[in-house]
Amino acid sequence: MNMIKVIRILLLASIIILFQNCNEDDISSNSKAELVTVGDNEYRPDFHFTPRNNWMNDPNGMVYYAGEYHLFYQYNPNESVWGPMHWGHAISKDLVNWEELPIALYPDNLGNIFSGSIVVDNNNTSGFKSGSESPLVAVFTHQNPENNKQTQSLAYSNDKGRTWTKYENNPVLVNNDKADFRDPKVSWHEGTQKWVMVLAAGDEIMFYTSSNLKNWVYKNSFGKNVGAHGGVWECPDLFKIKDVNGQETWALLVSINPGGPNGGSGTQYFLGDFDGETFTSSQSETLWLDYGTDNYAGVTWSNEPNNRNLFMGWMSNWSYAQNVPTYSYRSAMTFPRTLHWQNSNGKSIIISKLPTEIIYAIGGKVVENNNAASRFELLNDETLGGGKFYLETTLDFSAINEAKIEWGNKSSSVVLKYNKIKGELILNRAESGYKFNNLSSNIIKCPYVLPDSNQLKINMLVDKSSMEIFLNDGERVITALVFPLAPFKNLEITANEEIQFIEQIKINKLSK
């Protein structure tokens with residue numbers, strides 16, 4: 001037996017002994033052995049898009065065409081940290097199963113490929129059409145890495161997004177006064193019969209119009225004295241949004257980093273009016289699309305076939321995105337969600353809903369109980385331990401002040417707690433495993449006052465390393481990453497009083 005074989009046998013024996021002596025319930029959140037029982041495969045979600053390898057951030061160019069949802073994204077094909085930006089590309093027919101395609105856009109002599117959007121140019125206003133298909137036109141930011149100069153450019157595809165040609169006269173929009181001048185989101189405005197571009201420029205949003213996607217005219221700006229200004233503004237989106245009665249208003253999404261509601265990255269929004277050139281809003285307070293720390297730079301799909309405001313964000317935070325404990329790949333996207341306009345407690349807000357028809361299609365019932373109870377407990381459950389489930393529960397706070405949901409094992413857990421007196425929901429991931437040390441705390445706070453019914457409906461989508469939590473049909477949302485050191489097989493729901501308060505609970509196992 002040669003020396004190499006001896007070394008391999010000794011190494012294998014050491015690994016076996018290590019695993020035999022490692023009980024998952026004995027692994028504390030302070031353990032340094034973060035990859036003893038979990039690693040990239042255990043953390044990689046099944047129902048959220050991730051790249052096969054390397055780094056990903058902002059979703060870009062989200063467009064629906066010819067039966068396919070296209071997702072482009074900021075991508076570094078060489079490392080699992082941020083680097084020279086390309087546009088990665090994936091497609092899906094059902095928003096769950098994604099096929100990763102070759103890189104769509106590469107850096108060139110004008111610079112790296114920053115964020116942007118794609119439109120279907122059905123009327124060939126751009127003149128790019130060369131076949132039977134409507135051209136897909138990408139409007140994106142070129143970033144010169146030497147001086148950080150940012151300009152807007154075009155690329156187009158006549159084969160359903162499979163190959164892309166950059167416009168020979170790029171860039172199409174230049175601004176020499178702005179250090180930050182990026183992330184164009186383009187849409188067609190029916191009233192004026194023109195293309196409208198919203199563009200992030202430091203601490204404001206600039207509005208441009210065009211008849212052909214090539215020549216752009218500045219019209220107006222918004223945001224200098226409204227909203228949150230704790231960091232640079234990025235990745236805007238402008239769209240009409242409806243309430244349950246079909247009434248419409250306009251919504252403007254603006255991502256900000258830092259300055260989010262719980263530190264680091266976050267997305268605020270404004271409701272108001274838009275006449276094709278000017279956006280106005282009477283909104284006096286800052287409104288957040290998501291109170292979690294892990295939903296950033298999200299925008300809605302163009303040309304969505306069901307006329308939905310279908311949204312997806314980058315599921316991470318610039319405070320720690322390059323340090324999370326995955327190595328072959330970094331980052332996932334949020335699960336798609338639809339955005340709606342609603343009046344809640346006298347205020348106009350955007351609510352977010354999971355497309356539950358998709359969730360139910362990939363789930364199988366594990367637990368369902370519609371009898372009021374004073375406590376719920378599910379222990380050593382393999383579905384919970386697999387980290388892929390959808391929880392629905394309704395809690396009645398008529399006779400209690402505080403309740404909590406704890407998902408974990410004997411030594412570590414993540415806790416969701418609502419306090420009626422404080423009007424606040426807290427997600428505590430401080431003892432959940434990986435420490436998100438670059439934020440001031442691992443305590444995520446979300447202000448929320450219960451309706452007159454005193455009921456709190458919680459929908460929670462868990463996919464290995466993420467939790468997406470929706471309160472009362474999306475009036476508040478918390479999206480957060482969680483990296484357990486060992487499987488969480490236990491779930492408990494308790495209150496501060498031994499009284500019936502759990503109206504119903506349902507857990508669906510998610511499987512492809």
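User: How many residues line the second largest pocket?
Analyst: Before we start, this is a predicted model: local features need pLDDT of at least 70, side-chain atom pairs count only at pLDDT 80 or more, and totals for chains, interfaces and linings use all residues. Residues are numbered from 1 along each chain as its sequence is written, and side-chain values use heavy atoms, leaving out hydrogens and water. On a 1 Å grid over the protein atoms alone, a pocket is an open set of points where a 1.4 Å probe fits, with protein on both sides within 12 Å along at least five of seven lines, and lining residues have an atom within 4 Å of a point. Tyr291, Lys347, Ile349, Pro447 and Arg476 lie nearest the centre of the second largest pocket, and its lining residues number 20.

User: Which strand gives the largest share of that lining?
Analyst: Strands are DSSP runs of E, at least two residues long and numbered from the N terminus. β17 (287-288), β22 (347-353) and β32 (476-481) each give two or more residues to the lining of the second largest pocket. The largest share is three residues, and these come from β22.

User: What is the volume of the largest pocket?
Analyst: Grid points are joined across faces, edges and corners, and a volume is the space filled by probe spheres set on the points. Ser187, Trp188, Ser302, Asn303 and Asn307 lie nearest the centre of the largest pocket, among its 34 lining residues. The space inside comes to about 1000 Å³.

User: How many charged residues are in the lining of the largest pocket?
Analyst: Asp, Glu, Lys and Arg count as charged; Ala, Val, Leu, Ile, Met, Phe, Trp, Tyr, Cys and Pro as nonpolar; and the others, Gly among them, as polar. β13 gives the most to this lining, with six residues. By class, 13 lining residues are nonpolar and twelve are polar, while the charged ones number nine.

User: Is Tyr320 buried or exposed?
Analyst: Tyr320 is found in the loop between β19 (310-314) and β20 (329-330). Buried means under 20% relative accessible area, exposed over 50%, and partly exposed in between, using a 1.4 Å probe and protein chains only. Because its relative accessibility is 1%, Tyr320 counts as buried.

User: Which residue's side chain makes a polar contact with the side chain of Tyr320?
Analyst: A polar contact is a pair of N or O atoms within 3.5 Å; within protein, one must be able to donate a hydrogen and the other to accept it, and residues adjacent in sequence count only if both atoms are side-chain atoms. At 3.1 Å, the partner of Tyr320 is Arg429.

User: What distance joins the side chains of Glu406 and Ser413?
Analyst: Glu406 lies in strand β26 (residues 402-408) and is partly exposed, because its relative accessible area is 23%. Contact means heavy atoms within 4.5 Å, and Glu406 touches residues including Ser413, Val414 and Asn490. The polar contact between the side chains of Glu406 and Ser413 is 2.7 Å.

Definitions and conventions. Helices (H or I, at least four residues) and strands (E, at least two) are DSSP runs, numbered from the N terminus. Lists of a residue's contacts leave out its neighbours within four places in sequence.
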